Amino acid sequence: MFRKTITALALLFALSYSAMAQETGSVLIRNATVLTITNGTLENSDVLVLNGKISRIGTSLSAPDGVETIDATGRFLMPGIIDAHSHIALSSINESSSPVTAEVTMEDVVNPYDLSIYRALAGGVTTSHIMHGSANVIGGQNETIKHRWGVTNPDGLRFEGAPRTIKFALGENPTRVHGKRGGRSGNAIRPVTRMGVEAVLRDAFSDARRYMDAWDRYETERTRNPRATRPEYNERSEVIADIIRGQILVHCHSYRADEILMLMRVLKDFGVDSITFQHANEAFKVAPELAEFGAYASVFSDWWSYKFEVYYSTAYNAAILTRNGVVTSINSDSRELNRHLYHEAAKSQRYGGLTDTEALSMITINPALQLGINDRVGSIEVGKDGDLTIFDGHPLSVYAVPQMTFVDGVKYFDRDEDRDDVRLRVNPSSEIDSYVEQVSGLHSVHGIRKIEERRNR
Amino acid sequence: MSRNLSGEPCGEVLPIRTILVALVFLAGATEAFAQRDASDIPTVTRAYALEGARIVQAPGRVIEHGTVVIRDGLIVAVGEDVDIPYDAERIAADSMTVYAAFIDGLSMTGVPAPKRTNEPAQVDDPGNPEDDRAGIQPQRDVRTMLKADDKSITALREVGFGVAHVVPHGRFLPGNSAIILLGGKSADEMVLRGDAAMFAQFQGARGVYPRTPMAMTAKMRQLIREARRRQVMENRYRANPSGLARPEYDDVHYAFFPIIDNTKSVFFFVDDALEIHRALKLSSDLGFDLMLAGLNEAFDTVDELVAADVPLFVTLNLPEKPKWMAKMKRDSIETVLASFNDETRTATYRDLEAEKRNLEARQLMSRDRYVGVARDLNDAGLTFGFSTLGVKPADIRGNIREIIERGLSENAALAALTTDAAELLGLSGALGSVDTGKIANLIVSDGPIFGEKTHIRYVFVDGHKFLYEKKEEKEDASEEEVTVAGEWLFTAFTPEGERSGTVTLKLEAGSYSGTMAYEDGTATIELYSISFDGESLSFSWDDPDEGPMTVEGVVSADEFEGVALVGMDEMTVIGKRRSDPG
């Protein structure tokens, strides 16, 4: 009896989740105020999603057989929110042992069990750009994911076809992590200063260029001499070479205007033109220069003064950048803030007087552009992915609450069906009253402990 | 620590009772038996006959009343009616059952743990450490690390294992494995097959590259792709060195040549579902042959494992029960499960009890999924063995019983421990069943092997007899209360370097309190949520800069090793007790 009960219940759980694995869905959302972002606001309109793609936008649409209809009268439909800077759903963030770690990729450490995915859905967020940390000047490659909560295979979260991106970091973080390593023990390494950060970047790019040259020479020589010596293979240089080749978009943690200008000079010297400055609290000071370079900015709405290099900023940052023609997004960099990015967007409107569409663009089409996925998401257009979210009021109102969130036409969040305990994995050994173990989902601690136990025996 | 069973190798033909009496005299009344080395006494015969036993030759293949004859380490006859050689030691086994001895798919049995150093060596550039410091040691060979008299061998043999696939201690790539017999006078004598597989585990280097799983996967790609290049150069040079620069030898890359050639597998220990995905992806991206052990969360990866079709060895380590679960009676468990409601949307303050019950029910179901991994794999038609890595030998038989209770058939369990394990390790010609011509690795028990009350009476390894007698049940008074009280020096390996602090833990009326004092004198802070269960220690405090921090890990004697959790980052923490436990 005991066994039967437990098995039946466990089976129930397994089924309710696996059924959702990486599928596409169809749904008709009727009579909503549709905030298309790229094509104005459509009152009392319907949006039909078929097999994961937006197939029709109009009025009086009817649902094909078997397609669920959702009455959104009095509600607002907007594209799923995109967070251009996040560290959710990752089992490790910083490989802080070296100032350049271009070869590591967040793709290898995606953690689909992280509850933050579900919570982001509850805030209307459907895509996150999950990034390497800012310990290293050139950190790892990032991963763009869709919030398909319930999928347990990490690859199931991948935003298929999203361009590769990589994390850079300037200023105090890399100089602290590497330049002050070991206190005064003499174990510090470059970069100790901002000059060192630039030197690390230039060295890394120069190394990669030499690497590319060596392989080019080899390929030429090989046509004459089949016994030509192949150059040493280097995973790190391969990735940096791909940045130079324009195959990887750079997203750089930065604060100060001087370091922002520095990176643009370095990139120009190495022929790299794709750059999004992340955080960029002083970007407003160099907005014309950013616009001229074609650089993007992804900023906080009103957060600064949390350390010296970020002492100076303004809540007008996003608005000034926008008015200067810089494609700007507002990001969270936080598993809490990502649940109310629509409030963050609204702040830029409060301070900078941006229009509704401009403000909402900063959490939809603009981050999509910065991630190179604007042909797929970021607006409500026929042919785009069915990544949508329904609010009970205008999303820029402080009273609005997200009600439902869809990814590829599949509903992953519904406020009316929001259960207390949506965890996909429950630590079998933690104490119920241990907040750290139960709520933070730090299951890996358990894993590590097991290994440690094993090693101690 | 006391055990109910005590084993000793007996190579002599003296009547057992005589030896028993002699030993009891020697050892005194508290110990029924003393350990004795087989090499002390010359073996008179290496022929044995187990007469009149129930013989389970292989799962589902049973001789109800037969005899097994062993000579010089091999099974020479099995059947209902076999001739017993005149010089054989005859063992009346009419109330006993004979099985093939178990095979352990992965462990560190017979490989003593290296002495742990609290301070890993400092390096000039943590991004570019020496291979040994980085845990990149795929050229090492576990055969050079075996110790024939290591206690772990006796302990695993005592619960019925005759053979183990063993790997070196280390970090990410600790070296090559070997398959060993769990008995022998010397390390060499134990080796059945060396250089069996290259062992790997997602265990990052301390403070240096590769620290994190993402760096380990990147390192693996780098190593294999560069090894491919070096192999091309090496082969070309061997064929005709004229005019070519001499290839640069290095033992790490060269150790990968058989991996690239697919003549040797990478044997990955994977501790959770994410590690399973990582290992499978590396194997398919880089094209190396893979074997997997551990797999404690394979319930979420069954489809992927079916598709991968690689040898699997499921851990016999079951999740530790939380305190509430360990205390709970079975009928209370029923009540908790019956009250489970997946749909609750109740504010905690309105019904705390309901929330607690739901959390408990989910944890019970969760534990069931971990215990049910072997059942799930079996139901999916996969073949697997078991691994004893990290399991106390004394827990093994109980854990197997629990796995069987959760739905794995006894035959499937036996197959995983014998025939299938042999097959997966490529040893089915010599091991895994009670058949003529195979190595004489046998278990003789006084009942069905998975029975709760069954005792193992003999284990034969390589035809050597090890006798186990039931010892008088005695009071477990020797077990000393383990405490973590005292003054500890804790060191965290942070990205910025080492940071130390003194942790003082006090035990009063069964509960701990304590303080943390940073070595740089910046603060002395009260600890909270201190928990210690005799092995695992965790505690938290509020760092003035970083906010809430938690340290969690394992204590053995006066040493601690674990991790610190700061926000979403984890770092290695070690500790050493400086004072007497007070």
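# Briefing on a predicted two-chain model

In chain B, Val98(B) touches Leu50(B), Ala53(B), Ile55(B), Val56(B), Val68(B), Ala93(B), Val434(B), Leu442(B) and Val444(B), when residues up to four places away in sequence are left out of the count.

**Nonpolar cores**

- Val98(B) belongs to the largest nonpolar core, which has 243 residues, and together with Leu77(A) and Ala283(A) it is one of the residues that touch the most other members.
- The element that gives the most to this core is helix α5 of chain B, spanning residues 213–239, which supplies 8 residues.
- As background, nonpolar side chains in soluble globular proteins tend to be buried together.

**A sheet in chain B**

- An open sheet of chain B is formed by 6 strands with mixed pairing, and their order is β9-β12-β13-β14-β15-β16.
- The edges are held by β9 (175–176) and β16 (384–387) of chain B, and because each has a single partner strand, one side of each is left without a neighbour in the sheet.
- Within the sheet, strand β13 (residues 265–270) of chain B runs parallel to strand β14 (residues 290–294) of chain B, and 5 bridges join the two.
- Phe267(B) has Met291(B) as its bridge partner in β14(B).

**Two packed helices in chain A**

- Helix α4 (residues 194–224) of chain A packs against helix α5 (residues 235–244) of chain A at an angle of about 95 degrees, and their axes are 8 Å apart.
- With that angle, α4(A) and α5(A) are therefore roughly perpendicular to each other.
- On the α4(A) side the contact involves Ala204(A), Phe205(A), Asp207(A), Ala208(A), Arg209(A), Tyr211(A) and Met212(A), which meet Ser237(A), Ile240(A), Ala241(A) and Ile244(A) of α5(A).
- By class, the residues in this contact of α4(A) with α5(A) comprise 8 nonpolar, 1 polar and 2 charged.

**The contact between the chains**

- Chain A brings 70 residues to the contact, while chain B brings 83 residues.
- On the side of chain A that touches chain B, the elements giving two or more residues are α1 (2–18), α3 (172–177) and α13 (443–456) of chain A.
- Of the elements on that side of chain A, α13(A) gives the most, with 11 residues.
- The side of chain A that touches chain B divides by class into 23 nonpolar, 24 polar and 23 charged residues.

Key:
Residues are numbered from 1 along each chain as its sequence is written. Chains are lettered from A and ligands numbered from 1 in the order in which they are written. This is a predicted model: local features need pLDDT of at least 70, side-chain atom pairs count only at pLDDT 80 or more; totals for chains, interfaces and linings use all residues. Two strands pair if DSSP finds at least two bridges between them. Helices (H or I, at least four residues) and strands (E, at least two) are DSSP runs, numbered from the N terminus. A nonpolar core is a set of buried Ala, Val, Leu, Ile, Met, Phe, Trp, Tyr and Cys residues joined through C-beta atoms within 7 Å. A residue is buried if 20 or more other C-beta atoms lie within 10 Å of its own, exposed if 12 or fewer, and partly exposed in between; C-beta atoms are placed from the backbone. Two residues are in contact if their C-beta atoms, placed from the backbone, lie within 7 Å. Axes are lines fitted to C-alpha atoms, for helices over the stretch in contact, and angles run from 0 to 180 degrees between N-to-C directions. Angles under 35 degrees count as roughly parallel, over 145 as roughly antiparallel, 65 to 115 as roughly perpendicular and the rest as oblique. Ala, Val, Leu, Ile, Met, Phe, Trp, Tyr, Cys and Pro count as nonpolar, Asp, Glu, Lys and Arg as charged, and the others, Gly among them, as polar.
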